Amino acid sequence: MARRGRLRAFGAHAALLTYTAIALFPVFVIVINAFKSRKAIFGAPLAPPTPETFDLAGFRAVLTQGDFVLYFQNSLIVTLVSLALVLLFGAMSAFALSEYRFRGNTLLGLYLALGIMIPIRLGTVAILELMVATHLVDTRTALILVYTAQGLPLSIFILAEFMRQISDDLKNAGRIDGLSEYAIFFRLVLPLTRPAMATVAVFTMIPIWNDLWFPLILAPSEATKTVTLGAQVFIGQFVTNWNAVLAALSLAILPVLILYLIFSRQLIRGITSGAVK
Amino acid sequence: MGSLTLRGISKSFGATEVLRDIDLEVHDGGFTVFVGPSGCGKSTLLRIVAGLEEPSAGDVLIEGERVNDRAPADREIAMVFQSYALYPHLTVRDNMALGLRQARTPKATIEARVAEAARMLSLEPLLGRRPAELSGGQRQRVAIGRAVVRTPKLFLFDEPLSNLDAALRVNTRVEIARLRRELRATMIYVTHDQTEAMTLADQIVVLNAGRIEQIGAPMELYRDPANIFVAGFIGSPRMNFLDGARLGLQAATLGIRPEHLRLDRVAGEFEGRVSHVEHLGGETNIFVQAGAHGLLTARRFDEESFALDERVWLTPDPARRLLFDAEGRRLR
């Protein structure tokens, strides 16, 4: 019995390790090549940097050409503000959908979930026209609005499902203790949905951080460029500065990795256990 | 501390009617238990009293004042839930204090009331802990404590003991009875357990399918049930029901409690064979297959033992037999 258990554990770990290797391989290739000379990148793309091939030319290019500090700042602002809005509005509508009985509740839920199935990029032309009409082109606000709309459907869907499982008794106890509906939402329900919020945060954050499409269309000006768009300056029609592209991408991994680590800590469920039987 | 009056309360969810025309009077300081099978509407009725559910029709009066339009927090009630419903991220002390803080009670008063409730329920050593660090019984005591500190006009209990194990249930039951004497508070208590109803209440309200079947003191319901439903619901083991026609009676049904069905080896009104025996120590339940009368239960308070398949005679005590008409109403 114990041997079979160990065998099973071994099998599971083997599968997970294989998957990890496959998933991390492109990232690994990007990072090692960022530290190599141009010749070495093309000569032996899979070899790690050696003292002979080690070269920081890419990072030098990133720091001298283009204002990458600003690009990072833009990316961070857009991602964090969108994320905050998605979580706040997503949680609020999820609470309304899961807690209150009103006419059209199910229909409204389905309508809000529709965005999961229909990609927001289909509406790009209309969105651009809208942004032009409202003079929001080349602002971070334009990106934040679009990303908030893009992130809401999934967050409402996940959070509403999660909030349905929170005990009614707990909310009713709050009502009897005189908490307003807002207090019940912010002080009782939100703390209990932290694991789900973290999941939603991760799922929302990564596509926003990585997006090239909307920055390119809605905010391509120098002042509003995001990191992914900024890295494109090194990709030319005839010449591409691969060192710089790879260095920029390696750097772009860091902030989102840090954010991920912060959210994944919240995934620890402990706090909900023992609240209600 | 507070009286409660319900006038013509009805409640429907869509097309399903869960409560119909409920009239009830709970006196100041009374302990009223709503009892009935699951789905009879007893919890909904309690939630209507609490203000968590709106009645479709009818009025709720607390101390003679109509409170239909008042929020739960403004009704001066406190509720203890089956699932405890403690705030998971707050300590025991803060769990109890939250309602008072919300009502902007002075700090000193809050502290004094929490301390008093903690003393009453022996929660002092637990005040700094969070609900996750408590056992089921302790959590329920905290939930009761949270109700006590509010000094409400009405205490509402929604099946507070159903999540506890048997031993703890008996202890907590005694605790609630003691608390009630100490606080002299008006309490309303919902349960499906008739033992809890019998032991705690001074007024039992038996509900079935959204209607009140009977209201009365525990022993009144036991001795003098108004209909077959109440007769069968109150008392354990359940009352025996025999076909009246077979016994040559005018009534449709004859009801006789197991403790009033005499079991004899020699003679009696009708005969049967012992099909199962339960020895509970102080008492013995004997199940007898009595031919056309079906399976009957007799209860004896001695230690006499009967063999399986033994032939016995049964006689309903004529003074304690209850007669019902075809609609299940009691014939007196």
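These legends walk through a few close-up views of a predicted model.

Residues are counted from 1 along each chain as its sequence is written, with chains lettered from A and ligands numbered from 1 in the order in which they are written. Because the model is predicted, local features need a pLDDT of at least 70 and side-chain atom pairs count only at pLDDT 80 or more, while totals for chains, interfaces and linings use all residues.

**View 1. How confident is the predictor about chain A?**
Chain A averages a pLDDT of 87 (the predictor's confidence in each residue, from 0 to 100). In this chain, 95% of the residues score at least 70. Look out for residues 269-277 of chain A, where the pLDDT is below 50. Beyond near neighbours in sequence, that stretch still has 26 contacts in the model (C-beta atoms, placed from the backbone, within 7 Å).

**View 2. The annotated span of chain A.**
UniProt, in an unreviewed entry, puts "domain: ABC transmembrane type-1" at residues 72-263 of chain A; such annotations may be inferred rather than shown by experiment. The span is 76% helix and 0% strand (DSSP runs, H or I of at least four residues for helices and E of at least two for strands, numbered from the N terminus). Its end C-alpha atoms sit 20 Å apart.

**View 3. Helices α5 and α7 of chain A meet**.
Here α5(A), residues 105-117, packs on α7(A), residues 140-163, at about 125°, with axes 6 Å apart (axes are lines fitted to C-alpha atoms over the stretch in contact, and angles run from 0 to 180 degrees between N-to-C directions). On the α5(A) side, the residues include G109(A), L112(A) and I116(A), and they meet α7(A) residues including L152(A), F157(A) and A160(A). By class, this contact has 10 nonpolar, two polar and no charged residues (Ala, Val, Leu, Ile, Met, Phe, Trp, Tyr, Cys and Pro are nonpolar; Asp, Glu, Lys and Arg charged; the others, Gly among them, polar).

**View 4. The annotated span of chain B.**
An unreviewed UniProt entry gives "domain: ABC transporter" for residues 4-234 of chain B. This span is 36% helix and 26% strand, and its end C-alpha atoms lie 24 Å apart.

**View 5. Helices α2 and α4 of chain B meet**.
The angle between α2(B), residues 92-102, and α4(B), residues 136-148, is about 30°, and their axes are 8 Å apart. So α2(B) runs roughly parallel to α4(B). V92(B), N95(B), M96(B) and G99(B) meet V142(B), G145(B) and R146(B).

Technical notes. Contact = placed C-beta atoms within 7 Å. Parallel < 35°, antiparallel > 145°, perpendicular 65-115°, else oblique.
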